[in-house]
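Please read the points below with the model open beside you. Each one takes up a single topic.

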Amino acid sequence: MSQIWRIAQKEVSDGLRNRWLLAITMTFAILAIGIAWFGSAASGEIGFSNVETTIASLTSLASFLIPLIALLVAYDAIVGEDEGGTLLLLLTYPLSRMHLLIGKFCGHSIILGLAAVAGFGSAALAIVVFAEGVVVSEVLAAFGRFILSSTLLGWSFLALAYLVSALVTEKKRAAGLALSIWFLFVLVFDLALLALLTSTEGGMSPETLPWLLMLNPTDIYRLINLAAMNGFGGVSGALAIGADLPLTHGLWLGLAVWVAAPLLLAHVAFMRRAI
Amino acid sequence: MIHLEGVSQYYGRHQVLHDLNLTLGEGEVLGLFGHNGAGKTTTIKLILGLLRPDRGNVLTLGRSPNQVDMRRQIGYLPENVMFYPQLSGLETLRYFARLKQAPLTQVKSLLEQVGLSEAANQKVKTYSKGMRQRLGLAQALLGEPRLLLLDEPTVGLDPIATADLYELVDGLRRQGAGIILCSHVLPGVEPHIDRAAILGHGRLRAEGSLGELRRQAQAPIRLRLSGVKHRDQCLERWKDQIPDMRPVNAHSLEIATDAQHKLELLKVLLTSIQVEDVDIHQPGLEDLYRYFIADDPAQIKETQQ
Ligand SMILES: Nc1ncnc2c1ncn2[C@@H]1O[C@H](COP(=O)(O)OP(=O)(O)OP(=O)(O)O)[C@@H](O)[C@H]1O
Ligand SMILES: [Mg+2]
């Protein structure tokens, strides 16, 4: 246990040293504050409108950005140490491969979690302090949910990045594979689902179709944040089929599974990896 | 401390170790030698549990080498040791000390011991090859290991640092540590090892103390007589009894003999020939290495091609 913590500590201090933590936090903060005040500029208004539309726009942007950041942070977690020659050395120290994997994952998780809390949290604070006519408890509830789900989404893509990193023997290949994963979940999946929806034309049972959304962590993430807000009034595209899902806690559980399952697979891949 | 019994290892379908038997006792230094690709590093990785043997048995410190907590007692210097380039030498060693649960007070003294005190706060990416090697050595000594595995430790070290390293090896041996030393630099290691194992194409070609190896090889001992009076007459007179006698320069003779006949021959010669000096040249590690490696049929084929 203490070995896991030592590895995690190193990862966090690396994150501080190379300014990743700062950069991600700033990105989140600027993004959230920008959307809160200028999100509705297209419709001619400038200034804070309301919490619902802020969270809605933020969610759709973050569902692109957070997976990308998480993959970028961790795609070389294992393959990078291998290429750098330090993996060989670490594995002759009194720690198991599981300690190493979990330790590094915890370190990266802490970085993403801190960035989400500090970055999005500062936006929430700004809204509470500067915006007029907002109900504080509403803002806190919406942002609390948003920050927690954003963190979980980040962790699930961290876990996917670890899986890639444990499978591949070259850093370049890992980067390519990580990008493909991003492309698949963020862009291709919904299009494929829409195509399926129109081509089967109700041929598929309407009960099973919404469950397909659970196959994509970014869709679960959007459902969590949008469903809670406005009863799916603003939900469009492939996501609309999720309106029928009889789930609330199930969505959270789904996201948690998307953290645990790839991490478990990464562990299996790492154990089989030749040094 | 180490027992390898009938170990065979494959990379894919390529067999790199054939039925290897090797042991190391406490307070013993084993030199592991062999050509490039002979299987030295593979053997060390098996001892460390980084590889699992496809056949045979490996025991390290009396236990299966994949047991994690046992590694606290093992120090390992890999060939081409690498570190985190963005950390300083001090930070690197502190991190590894924590992982090995070694006292942090050891870090400063180790840096001093390997001569890196001044560069301790410099980032590792600015280190020279030899400085990295020194840091690697310091890392291997964390936690006062009972078993030390050094894979080409002298690569990149300057002559003084190399001498320091050998002195360190001697000191640790006196304290009862078992040490495996892999090297291509044969001159110089001889006085610091108890036994040598010579690998050729994944097979143990020879193993034993230097005396044992000399006997096995029946490598000739060369006697050089210098300042010989009436050299040509001597040559003429002894040439039938001692066929391995040859002139070297104007006043010197060289005779090849073996360990058994060495003394007898010397007695006879010194009573009947007038000489100024006698040099006895024992076959060194390098001669033995050449002998056992050349014995390898595959190697001979390679050199013929
Ligand atoms: N990861 C690997 N995959 C495939 N083959 C390997 C691998 N590592 C080593 N080998 C092969 O195993 C054989 C033994 O390699 P090893 O590294 O043990 O040699 P060595 O004696 O340490 O050589 P050197 O003196 O060059 O360090 C070589 O033929 C090498 O090609
Ligand atoms: Mg080697």
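What percentage of the 305 residues of chain B count as buried?

1. The share is 51% of the 305 residues of chain B. Buried means under 20% relative accessible area, exposed means over 50%, and partly exposed lies in between, with a 1.4 Å probe and protein chains only. In chain A, buried residues make up 52% of 275 residues.

2. Some notes on the source come next. This is a predicted model, in which local features need pLDDT of at least 70 and side-chain atom pairs count only at pLDDT 80 or more, while totals for chains, interfaces and linings use all residues. Residues are numbered from 1 along each chain as its sequence is written, chains are lettered from A and ligands numbered from 1 in the order in which they are written, and side-chain values use heavy atoms, with hydrogens and water left out.

3. Chain B has 10 helices and 13 strands. Helices (H or I, at least four residues) and strands (E, at least two) are DSSP runs numbered from the N terminus. Chain A has 10 helices and 0 strands, so its pattern along the sequence reads α-α-α-α-α-α-α-α-α-α. The C-alpha atoms of chain B fill a box of roughly 75 × 45 × 40 Å along the principal axes.

4. A contact means heavy atoms within 4.5 Å. Of the contacts in chain B between residues at least 6 apart in sequence, 67% join residues at least 24 apart. For chain A, with a separation of 6 or more, residues 24 or more positions apart account for 81%.

5. The accessible surface of chain B is about 15,000 Å², and 48% of it belongs to carbon and sulfur atoms. Chain A exposes about 12,200 Å², with 70% supplied by carbon and sulfur atoms. These areas come from the Shrake-Rupley method with a 1.4 Å probe; for residues, only the protein chains shown count as cover.

6. A nonpolar core is a set of buried Ala, Val, Leu, Ile, Met, Phe, Trp, Tyr and Cys residues joined through side-chain atoms within 4.5 Å. The largest one has 168 residues, and B:Ile2, B:Phe33, B:Phe96 and B:Leu149 touch the most other members. Helix H7 (residues 136-167) of chain A gives the most to this core, with 16 residues. Another core, of 14 residues, lies apart from it and includes B:Leu223, B:Ile242, B:Leu253 and B:Leu266.

7. Which residues are the protein donors of the magnesium ion (ligand 2)? They are B:Thr41 (OG1) and B:Glu79 (OE), lying 1.9 to 2.7 Å from the ion. B:Thr41 lies in helix H1 (residues 40-48) of chain B and B:Glu79 in the loop between strand S5 (74-77) and helix H2 (89-99), so the pair ties together parts 38 residues apart in sequence. B:Thr41 is buried, at 17% relative accessible area, whereas B:Glu79 is partly exposed, at 30%. Donors are N, O and S atoms within 2.8 Å of the metal (3.2 Å for Na, K and Ca); water is not among the atoms, so sites may look incomplete.

8. Most residues other than glycine have a negative phi. B:Gln101, not a glycine, has a positive phi of about 55°; this residue lies in the loop between H2 and helix H3 (105-113) of chain B and is partly exposed, at 36%. B:His201 has a positive phi of about 50°. The place of B:His201 is the loop between strand S8 (195-200) and strand S9 (203-208) of chain B, and B:His201 is partly exposed, at 24%.
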